[in-house]
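Please keep the sequence and the model in view while reading.

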Amino acid sequence: MTDDILTHENIDPGSRNKIMIGVALAMLVACFDGSITTTCGPEIGNSFNNTSLLPWLTMGYLLFETIMIPISGKLSDLYGRKKLLMIGLVLFLLSSIVATIGISMEVMILARAIQGMAGGIIIPVATALIADLYPPEERGKMQGALGALFGIGFGVGPLIGGTLATMEIAGIPGWHFAFAINIPLLLISLYMCREKFPMPANMQEKPFIDFKGIALISILLIIFIIYFQMFGTAFDVVSIESLAMIFVMIAIIILLVRVESTAVEPIIAPHVLKNPTVRSASILLFLLGFSMIGDELFTSMFLQKIEGYSAINAGLFMLCMIFGMALTSSIAGKSVEKTGYKPWIFAGPVFMAIGMVGMSFITDFSVIQLAVSEFVFGLGVGCLMASLMACVQNSCDDSEVGMTTSVVSLFRNIGSTIGSSIYTMLVSLGISYYAIEKGITEWASEGVGILEHLGEGFDEAIKFVFTNAVAGAFSVGAIVLIVAAIIGYRFKIVHMSKTKELIDIENKE
């Protein structure tokens with residue numbers, strides 16, 4: 001190794017710390033902006049007298065974030081993490097300024113889409129950067145720290161949005177400041193990230209760009225997200241529209257596999273998922289995203305619509321999850337080198353399943369019970385956040401860290417997308433069943449829309465129907481997490497040898 005090549009072995013500790021501070025701030029902003037409009041969105045819609053476009057404030061962010069995750073991960077391998085990170089920071093800064101000014105609903109949606117694009121660059125690049133900055137034995141600790149930040153952003157976003165939405169500052173609606181707070185944080189991040197970054201192993205002066213792969217992945221993810229956001233509402237699950245979209249997605253996947261198998265520098269190389277660690281981690285992160293979104297959506301809805309909590313107070317229950325997550329992220333990150341990864345990868349889904357079982361008892365609502373359930377659920381999330389990414393990065397070739405990291409990150413986003421639709425479908429099925437049982441059959445087919453009839457003289461029946469439907473969905477969620485625990489128990493831990501062979505190092509079977 002020559003002295004002029006910067007790696008985790010010879011980087012100045014001061015420079016590394018500055019980079020990590022910048023990356024942490026960027027990660028925090030990207031995470032809480034993903035969910036911030038779930039609470040301040042209605043006020044934005046009211047400001048412009050346009051609530052019909054309201055879902056696109058969140059969907060636009062999610063759509064472009066998901067598209068950019070696999071693309072930016074691979075490009076960071078080829079061009080270097082710093083270039084991609086700086087592009088993401090600048091895009092986020094400019095779009096935050098536009099969102100802060102907020103002149104129309106259409107402009108807000110455009111700003112949110114660009115924010116999502118920037119977030120889709122920042123999150124996978126920041127995660128991959130850990131492998132450049134730290135040796136393998138320290139990656140668990142640092143991934144645990146980033147995992148805690150992810151959880152904080154996930155939970156704090158709605159709180160910030162909800163709090164500011166209720167305020168007016170100098171005659172200006174408070175929601176403007178939900179985006180304004182990004183600006184100083186991003187400026188600090190840009191300043192801290194001026195340092196010289198270590199170079200990825202595969203960085204090239206004139207890299208080959210897989211434009212066919214980028215186009216196919218983008219089209220596939222657009223159709224995929226729109227499908228799971230709209231099925232059961234815009235069209236029936238079993239319908240010509242649904243079958244047509246499924247057929248198109250299957251055709252694109254087949255074509256994508258062929259294109260990526262022959263590409264010089266594929267965006268997602270098919271061989272990546274042949275790595276048992278990457279494959280199992282992708283499934284677990286999919287189930288993690290699936291479970292977290294179900295908890296966030298319906299715990300909050302239950303607390304606000306059934307128990308009468310404000311958006312802010314409902315958000316405080318999510319802080320219980322964040323505390324649990326931060327605790328195990330820190331402990332697991334510091335301990336994986338002594339304990340190995342498997343105990344944490346197995347414990348994560350187990351804790352999450354126990355927490356989800358506790359949430360399923362909301363039919364006998366207790367503040368303490370729900371708070372403890374959220375905390376235990378968070379313990380499980382933290383176990384997985386701290387261990388899975390470090391485990392994946394230590395199992396892949398140095399030249400593919402960005403691509404591999406982005407693949408597993410993509411599965412987490414896909415899990416959230418599918419989870420929001422599946423949980424909504426499960427709750428809607430439960431509502432249909434219990435509405436018939438309670439004799440309010442005229443609303444049995446309305447799904448969560450049944451909550452709009454509160455105040456029409458059937459409040460107790462509606463509350464019973466919705467609460468039991470959500471409890472049933474959480475019970476199904478607990479079963480899904482038991483399956484995740486089995487995957488965690490059978491998890492294969494491998495690493496790359498100097499000859500690039502996958503070597504099993506933590507399985508004694």
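Glu 195 has a relative accessible area of 17% and is therefore buried, where buried means under 20% relative accessible area, exposed over 50%, and partly exposed in between, with a 1.4 Å probe and protein chains only. The model is a predicted one, in which local features need pLDDT of at least 70 and side-chain atom pairs count only at pLDDT 80 or more, while totals for chains, interfaces and linings use all residues. Residues are numbered from 1 along each chain as its sequence is written, and side-chain values use heavy atoms, with hydrogens and water left out.

The side chain of Glu 195 forms a salt bridge with that of Lys 18, at 3.7 Å from N to O; a salt bridge is a side-chain nitrogen of Lys or Arg within 4 Å of a carboxyl oxygen of Asp or Glu. This pair links distant parts of the chain, since Glu 195 is in the loop between α8 (182-192) and α9 (211-230) and Lys 18 is in helix α1, 177 residues apart. Helices (H or I, at least four residues) and strands (E, at least two) are DSSP runs, numbered from the N terminus. Lys 18 is partly exposed, because its relative accessible area is 38%.

How many salt bridges does a search of the whole structure find? The search finds five. Side chains of opposite charge can pair when their charged atoms come close. Another of these bridges joins Asp 33 and Arg 112, at 3.9 Å from N to O. That pair also links distant parts of the chain, with Asp 33 in helix α1 and Arg 112 in helix α5, 79 residues apart. Asp 33 and Arg 112 are both buried. In the bridge between Lys 74 and Glu 265, the closest N and O atoms are 2.8 Å apart. Here Lys 74 belongs to helix α3 (residues 55-79) and Glu 265 to the loop between α10 (240-262) and α11, and 191 residues separate the two in a pair that links distant parts of the chain. Both of these residues, Lys 74 and Glu 265, are buried. Salt bridges that share partners also join Asp 77, Arg 81 and Asp 132 into one network.

Helix α1 itself can be checked for length. The N-terminal end of α1 is capped by Asp 12, which has a side-chain oxygen 3.1 Å from the backbone nitrogen of Gly 14.

Thr 37 counts as buried because its relative accessibility is 4%. Its side chain makes a polar contact of 2.8 Å with the side chain of Thr 58, and one of 3.4 Å joins the side chains of Thr 37 and Arg 112. A polar contact is a pair of N or O atoms within 3.5 Å; within protein, one must be able to donate a hydrogen and the other to accept it, and residues adjacent in sequence count only if both atoms are side-chain atoms. Leaving aside neighbours within four places in sequence, Thr 37 is in contact (heavy atoms within 4.5 Å) with residues including Pro 42, Leu 57 and Phe 179.

Gln 115 lies in helix α5 (residues 105-133). Is Gln 115 buried or exposed? Its relative accessibility is 0%, so Gln 115 counts as buried. The side chains of Gln 115 and Ser 96 are joined by a polar contact of 3.2 Å. Not counting residues up to four places away in sequence, Gln 115 touches Asp 33 and Phe 179, among others.

Met 292, in helix α11 (residues 276-306), is buried because its relative accessible area is 4%. Among the residues that Met 292 touches, not counting those up to four places away in sequence, are Phe 150, Phe 154 and Phe 377.

Two loop residues other than glycine have positive phi values. Asn 49, with phi near 50°, lies in the loop between α2 (37-47) and α3 and is exposed, because its relative accessible area is 74%. Ala 170, with phi near 55°, is found in the loop between β1 (168-169) and β2 (172-173), and its relative accessible area of 77% makes it exposed.
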